[in-house]
Amino acid sequence: MSANPSLTVEDGPVTLLRLERPDVHNALNSDLLGELDTAVARTAASGTARAIVITGSGDRAFSAGADLGELTGLDASEAHARLTRGQQVLNRIATCPLPVIAAVNGTALGGGFELVLAATFPVLAQNAKLGLPEAGLGLIPGYGGTQRLVRSVGPQVATHAMLTGTRLTADRAYELGLTPVPPVAADEVVTTALETARDLTTRGPAAIQSILSAVRSSADAPTETGLRLESALAALATGSPEAAEGIAAFREKRTPVFGDAAQPREET
Ligand SMILES: CCCCCCCCCCCCC[C@H](O)CC(=O)SCCNC(=O)CCNC(=O)[C@H](O)C(C)(C)COP(=O)(O)OP(=O)(O)OC[C@H]1O[C@@H](n2cnc3c(N)ncnc32)[C@H](O)[C@@H]1OP(=O)(O)O
């Protein structure tokens, strides 16, 4: 652990990860991305955590994206190696067996918005602005934005956002379906995200993990393939002790008691 961590971790059934580089609007440098990767991997494998919330420190920015100080002086091969590493970090979030909620406490630009897009879904502060300004810097989104934004809002809106660097307001992001919940006051975004995450911890952990897996497979697979995966996962769930407890609790008019977090299956 570095002397000055760029990330703080509050462990628990809902683990809170906070980006801690407020002086540079929580820009994502190598150290922070490395700490984020380690924290998400450790939390996912803990067997006790059931959800993750990621937020930024300060009240101005969730994250201003990749640390531009690390982008100078890179030759193409070094940049490619680092981009691949950075993509791997966000892919770990995007494929996490636990729900990952981004509590977007302010501006999320470039890699910061890409981090939001890698999460399961965000809760947005009313003052949040989301954008991919890379083209204005002669760059392009390199942490999955060209793929995930298109899948979230469609090619026309996504392409316009990337070509123009438009900053989407929180209300516009809600209109576009980038967040399932209406934007909240800035001082309520973390609380709201934590409450949402805590609600998810009352539901079958294996069922949550299977839904995440089935939905993620739908992003790229033909419908027929996705339906086959869904039926296999649904059959597993139906025959599971978790479903037995959930249905019994319903019949007995009591709150179900599910076991520990589902042991993460190796992603196929
Ligand atoms: C383990 C994996 C390792 C991977 C590392 C490999 C790197 C190579 C690959 C990179 C791939 C990246 C892919 C990504 O898609 C690309 C990007 O994200 S590019 C960056 C996109 N973001 C931006 O363009 C936003 C830039 N910032 C701003 O527009 C503004 O700062 C703001 C956020 C609108 C806020 O404006 P203000 O309120 O006016 O504040 P300041 O501008 O004065 O900023 C205050 C202070 O913060 C510094 N800062 C802000 N943003 C960044 C940043 N992105 N990187 C570094 N520093 C930043 C700013 O310079 C000021 O510093 P000061 O002048 O006070 O020293």
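This briefing covers the ligand site and helix 1 of the structure above. The model is predicted. The ligand is surrounded by 31 residues, and the closest are Arg60, Ala64, Gly111, Glu114 and Glu134. Three helices each supply at least two residues of the shell around the ligand: helix 1 (30-44), helix 2 (76-94) and helix 3 (111-118).

**Contacts with the ligand**

- In the side chain of Arg60, an N or O atom is 2.5 Å from an oxygen atom of the ligand.
- The side chain of His25 also has an N or O atom facing a ligand oxygen atom, at 3.2 Å.
- Ala64 takes part through its backbone: one of its N or O atoms lies 2.8 Å from a nitrogen atom of the ligand.
- The ligand taken alone exposes 1300 Å², of which the protein buries 69%.

**Make-up of the shell**

- By residue class, the shell around the ligand holds 15 nonpolar, 7 polar and 9 charged residues.
- Helix 2 gives the most to this shell, with 4 residues.

**Helix 1**

- Helix 1 has 15 residues, which at 1.5 Å a residue should span 21 Å; the end C-alpha atoms are 21 Å apart, so the two values agree.
- The buried residues of helix 1 are Leu32, Leu33, Glu35, Leu36, Asp37, Ala39, Val40, Thr43 and Ala44. Charged residues are among them, namely Glu35 and Asp37.
- The cover over these buried residues includes strand 1 (7-10), strand 2 (14-19) and strand 3 (51-56).
- Helix 2 and helix 3 also belong to that cover, and both supply residues to the shell around the ligand.

Key. Residues are numbered from 1 along each chain as its sequence is written. This is a predicted model: local features need pLDDT of at least 70, side-chain atom pairs count only at pLDDT 80 or more; totals for chains, interfaces and linings use all residues. Side-chain values use heavy atoms; hydrogens and water are left out. A residue is near a molecule or strand if one of its heavy atoms lies within 4 Å of it. A polar contact is a pair of N or O atoms within 3.5 Å; within protein, one must be able to donate a hydrogen and the other to accept it, and residues adjacent in sequence count only if both atoms are side-chain atoms. Accessible areas come from the Shrake-Rupley method with a 1.4 Å probe; for residues, only the protein chains shown count as cover. The expected span of a helix is 1.5 Å times one less than its number of residues. Buried means under 20% relative accessible area, exposed over 50%, partly exposed in between (1.4 Å probe, protein chains only). Contact means heavy atoms within 4.5 Å.
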